[in-house]
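Open the model in your viewer and keep the selection tool handy. We will go stop by stop, with a word at each one on what to pick and what is there.

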Amino acid sequence: MIGLYGGSFDPPHRGHVELARRAKQELGLGKLVVLVSADPGHKAVATPADVRLRLARAAFPDDEVVLDEHARTVDTLRAHPEWTDSVFLVGADEFADFPTWKEPEEVLRRTRLAVATRPGFPRERLQAVLERLEQPERVLFFEIEPTPVASRDLRARLARGEDVRDEVPSAVARTIKTGGFYGPGRGYNSVA
């Protein structure tokens with residue numbers, strides 16, 4: 001079974017890595033493809049795609065990491081028929097917004113969703129989305145431990161010159177340091 005894990009990874013942190021690890025373990029994924037969105041359709045990203053791709057490759061050294069040129073998941077899936085019936089990994093917050101995605105029912109026709117939930121996340125929010133879907137059986141759930149870290153906060157801390165080694169994989173910390181990414185004076189330290 002192929003797992004797909006998309007995002008901006010700006011920068012990738014331990015929460016991203018933990019979600020991927022648990023998905024492999026819980027779902028028995030034979031392969032994971034990490035899709036670094038070149039230009040995410042749902043949010044502005046100031047960090048260049050090549051930097052985020054390099055950092056994602058450091059975070060996921062055992063997985064295939066590729067640049068996704070499509071702004072929307074459904075367009076990515078249409079461009080890659082070989083991924084039909086794969087499992088697309090999302091967090092519970094993303095799943096709560098799934099009805100607002102471009103053509104969510106088409107996404108579910110092309111792939112299943114595997115939703116990472118965490119203790120304390122309101123189950124009724126997930127249930128409300130399931131009730132709106134034509135194919136709720138195409139949605140799987142697995143639980144992860146909460147990892148209280150956000151890329152936005154990491155960018156702000158890095159812009160101030162703070163150490164984030166505890167929140168990112170060691171290879172990512174090294175790549176940020178050697179590449180001079182996100183440090184004070186960098187133009188892409190946006191916290192948006």
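## Stop 1: a pair on one helix

Select glutamate 26 and arginine 22: their side chains form a salt bridge with N and O 3.1 Å apart (a side-chain nitrogen of Lys or Arg within 4 Å of a carboxyl oxygen of Asp or Glu). Both residues belong to helix α1 and sit 4 residues apart, about one turn of the helix. An α-helix has 3.6 residues a turn, so residues three or four places apart point the same way. Glutamate 26 counts as partly exposed because its relative accessibility is 43%, while arginine 22, at 19%, counts as buried. Here buried means under 20% relative accessible area, exposed over 50%, and partly exposed in between, with a 1.4 Å probe and protein chains only.

A note before moving on: this is a predicted model, in which local features need pLDDT of at least 70 and side-chain atom pairs count only at pLDDT 80 or more, whereas totals for chains, interfaces and linings use all residues. Residues are numbered from 1 along each chain as its sequence is written, and side-chain values use heavy atoms, leaving out hydrogens and water.

## Stop 2: the whole of α1

Now widen the selection to residues 14–27, which make up α1. Helices (H or I, at least four residues) and strands (E, at least two) are DSSP runs, numbered from the N terminus. The 14 residues of α1 reach 20 Å from first C-alpha to last, close to the 20 Å expected at 1.5 Å a residue (1.5 Å times one less than the number of residues). Which residues of α1 are buried? Colour Gly15, His16, Glu18, Leu19, Ala20, Arg22, Ala23 and Leu27. They pack against β1 (2–7), β2 (31–37), β4 (86–91), β5 (111–117), β6 (139–143) and α7 (151–159). Just after the helix, glycine 28 has a positive phi of about 65°.

## Stop 3: the nonpolar core

Pick leucine 27 and show its contacts (heavy atoms within 4.5 Å). Leaving aside residues up to four places away in sequence, leucine 27 touches Met1, Arg22, Val87, Leu89, Ala114, Leu140 and Phe142. In the largest nonpolar core, which has 34 residues, Tyr5, Leu27, Phe60, Leu89 and Phe142 touch the most other members. Such a core is a set of buried Ala, Val, Leu, Ile, Met, Phe, Trp, Tyr and Cys residues joined through side-chain atoms within 4.5 Å. Helix α2 gives the largest share of this core, 6 residues.

## Stop 4: a buried arginine

Go to arginine 52, in helix α2 (residues 49–59). Arginine 52 is buried but has no salt bridge, and the nearest side chain of opposite charge, aspartate 10, is 4.9 Å away (Lys and Arg count as positive, Asp and Glu as negative; His and the chain ends are not counted). Show the backbone oxygen of threonine 47 as well, which lies 3.0 Å from a polar atom of the arginine 52 side chain.

## Stop 5: bridges across the sequence

The structure holds 19 salt bridges; here are two to select. In one, arginine 78 meets glutamate 103, with the closest N and O atoms 2.5 Å apart. Arginine 78 is in helix α3 (residues 73–79) and glutamate 103 in the loop between α4 (92–96) and α5 (104–110), so the pair ties together parts 25 residues apart in sequence.

In the other, arginine 118 and aspartate 93 meet at 3.5 Å, N to O. This pair also links distant parts of the chain, with arginine 118 in the loop between β5 and α6 (123–132) and aspartate 93 in helix α4.

Note on methods: A polar contact is a pair of N or O atoms within 3.5 Å; within protein, one must be able to donate a hydrogen and the other to accept it, and residues adjacent in sequence count only if both atoms are side-chain atoms.
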